[in-house]
Amino acid sequence: IYSPKEHTVIDVRRPDEWVEGHLPDAKLFTLANFISDFPHLKASLNPDSQTIFTHCKAGGRSLVAISILLKLGYKNVTSIDGGSMALEKLGMDFSSK
């Protein structure tokens, strides 16, 4: 069960994909700007008490973001397998705009 207190969802899709719909409480940090925007992202993360999930549309960009987070020392991170396409098939709410 998803809880914003226990989980952070990082959406690494492009802004045009984000405006089409995104998960409530997700944070947009595009993969293209992930490293340059990381100081802003880091300020919103609590890796000691939260699991960090990343997702994109199908899963590829999300895996790259996970590899960056792991190299930066984050341990409790995971990519959402299949990305937003899989989450939508599971009935997750992507209506936030």
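How many helices and strands does the secondary structure of the chain come to? In this predicted model, the chain has 4 helices and 4 strands. Along the sequence they follow the pattern β-α-β-α-β-α-β-α. The radius of gyration is 12 Å, close to the 13 Å that the globule rule gives for 97 residues, so the chain is as compact as a globular protein of that length.

Along the principal axes, the C-alpha atoms fill a box of roughly 30 × 30 × 20 Å. Of the 97 residues, 40% count as buried. Among contacts in the chain with a separation of 6 or more, 61% come from residues 24 or more positions apart. The accessible surface is about 5,700 Å², and carbon and sulfur atoms account for 56% of that surface. The chain carries 11 positive and 11 negative charges, whose mean positions lie 4 Å apart.

The structure also holds 2 aromatic pairs, listed here.

| Pair | Centre to centre | Angle between planes | Arrangement |
|---|---|---|---|
| Phe 34 and Phe 38 | 6.4 Å | 50 degrees | tilted |
| Phe 38 and Tyr 74 | 5.9 Å | 75 degrees | edge-to-face |

Through the ring pairs, Phe 34, Phe 38 and Tyr 74 are joined into a cluster.

Terms used
Residues are numbered from 1 along each chain as its sequence is written. This is a predicted model: local features need pLDDT of at least 70, side-chain atom pairs count only at pLDDT 80 or more; totals for chains, interfaces and linings use all residues. Side-chain values use heavy atoms; hydrogens and water are left out. Helices (H or I, at least four residues) and strands (E, at least two) are DSSP runs, numbered from the N terminus. The radius of gyration is taken over C-alpha atoms; the globule rule is 2.2 Å times the number of residues to the power 0.38. Buried means under 20% relative accessible area, exposed over 50%, partly exposed in between (1.4 Å probe, protein chains only). Contact means heavy atoms within 4.5 Å. Accessible areas come from the Shrake-Rupley method with a 1.4 Å probe; for residues, only the protein chains shown count as cover. Lys and Arg count as positive and Asp and Glu as negative; His and the chain ends are not counted. The place of a charge is taken as NZ of Lys, CZ of Arg, CG of Asp or CD of Glu. Rings of Phe, Tyr and Trp (its six-membered ring) pair if their centres lie within 6.5 Å; planes under 30 degrees apart count as stacked, over 60 as edge-to-face and the rest as tilted.
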